[in-house]
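Visitor: I would like a close look at a single part, one interface between two chains. Please go through it in detail and give the cut-offs as you go.

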Amino acid sequence: MLPTPKMYKVVAGSSEGRSSLTAFDGALLKAGIGNINLIRVSSILPPGAVYKPDLEIPPGSLVPTAYGSIVCKEPGKVIAAAVGVGVSENNFGVIMEYSGYSTKQEAEETIRKMVEEAFALRGMKLVDVKIAAVEHTVEKIGCALAAVPLWY
Amino acid sequence: MLPTPKMYKVVAGSSEGRSSLTAFDGALLKAGIGNINLIRVSSILPPGAVYKPDLEIPPGSLVPTAYGSIVCKEPGKVIAAAVGVGVSENNFGVIMEYSGYSTKQEAEETIRKMVEEAFALRGMKLVDVKIAAVEHTVEKIGCALAAVPLWY
Amino acid sequence: MLPTPKMYKVVAGSSEGRSSLTAFDGALLKAGIGNINLIRVSSILPPGAVYKPDLEIPPGSLVPTAYGSIVCKEPGKVIAAAVGVGVSENNFGVIMEYSGYSTKQEAEETIRKMVEEAFALRGMKLVDVKIAAVEHTVEKIGCALAAVPLWY
């Protein structure tokens, strides 16, 4: 089997770019995860995984990551992305991702409600929520991204 | 290299949610795969992989999974998702995913044809097809999902 | 952790299909990567990874792959996909993917600029770019795909 991740951090970043993909690339760099290979996962915090805000990952690594992102090409628009990690007492947790046309604060409120809904759906007790969020006002081609890299 | 999966099951589920992502989350839970980390793959059944309908996977595991899903926000609409695993005699197989506005029966017929096309394209003989499908009538925000988790 | 890939190739292919997914499947087969399990990554060439144009990968393998693809259902339209791998002197590289309504030549020019932008953003010196691109004129349902499979 594939090894189950043991630690995580929450990050967010935004950027302009000359294309959608290079705006996304710039947002990854701003979030500090631009030089690794994201493998998108959907999206459970493994039991026992530890929060490591200063987690460093070697360039080129394959990194299971839950993320939400939005690219927008309308100058002046405000975009935002957020991730929330719902932590349980001694079981797995749930990760939620959001991106859309909103402020950072709205994104944070939305992601908190999504995490609460995910815990309610499982009949689990929520003991902590780690959130990262960012907002960005588009100049030409902008991207907002929030992510939860899982690591070992 | 990443280890090649050795077994699989086919599942489907649907749900309402307060957001697109929590509807998706609910559909995963109904399908019995809501507490694992799906890594989306595109989409071959490895040679020798065994069908295990009672396959249990520990929470938080990284699970290579082929899936199709649809989220719809129009009350009254019927949505469906289906997966089909085409099995060959003694070689790899092919997995197809479908989601769209249709009944469960239409989704099953569509997925069967897609598997047949994939085998014809490879000049391979199809000896069995495993299908899982679900339909859902949207109340507010609904999701239909079908998946083939691959495991070890 | 997941093992970091050690080699790569660049490929491209296009196809018609009876559905969007079988057109995509056909394009993968034309590109020579139709019988493996693509795990999409976003998208760094690991340090020291070696270019192997004749790389063969066993059927059913889980293969970290950066790719861009487009499916189009408008007869007569020209679609294209391209990937570019930017190689540095002795560090990691950056992979860019493009797909859209353009010729193969335009796709190649676009992808080259995207790789240059990614290197400029990182203040890195670009010493080589490997590109694969394809264009396709749609008959009924067409797909163009370009990919960078990473392997061991």
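This is a predicted model: local features need pLDDT of at least 70, side-chain atom pairs count only at pLDDT 80 or more; totals for chains, interfaces and linings use all residues.

Guide: Residues are numbered from 1 along each chain as its sequence is written, chains are lettered from A and ligands numbered from 1 in the order in which they are written, and side-chain values use heavy atoms, with hydrogens and water left out.

Counting contact as heavy atoms within 4.5 Å, 25 residues of chain C touch 25 residues of chain A.

Polar pairs come next. For a polar contact, a pair of N or O atoms must lie within 3.5 Å; within protein, one must be able to donate a hydrogen and the other to accept it, and residues adjacent in sequence count only if both atoms are side-chain atoms. On that rule, 7 residue pairs are in polar contact between chain C and chain A, both residues being at pLDDT 80 or more. The salt-bridge rule (a side-chain nitrogen of Lys or Arg within 4 Å of a carboxyl oxygen of Asp or Glu) finds 1 across this interface. Asp25(A) and Arg122(C) form a salt bridge, with 2.6 Å between their closest N and O atoms.

Helices (H or I, at least four residues) and strands (E, at least two) are DSSP runs numbered from the N terminus. On the side of chain C that touches chain A, at least two residues come from each of strand E3 (37–42), strand E6 (62–72), strand E8 (93–100) and helix H2 (104–122). H2(C) gives the largest share, 5 residues. By class, that side of chain C has 18 nonpolar, 3 polar and 4 charged residues; Ala, Val, Leu, Ile, Met, Phe, Trp, Tyr, Cys and Pro count as nonpolar, Asp, Glu, Lys and Arg as charged, and the others, Gly among them, as polar.

Strand pairing also links the two chains. Two strands pair if DSSP finds at least two bridges between them. Strand E3 of chain A (residues 37–42) runs antiparallel to E3(C), with 2 bridges. Within this pairing, Ile39(A) has Val41(C) as its bridge partner.
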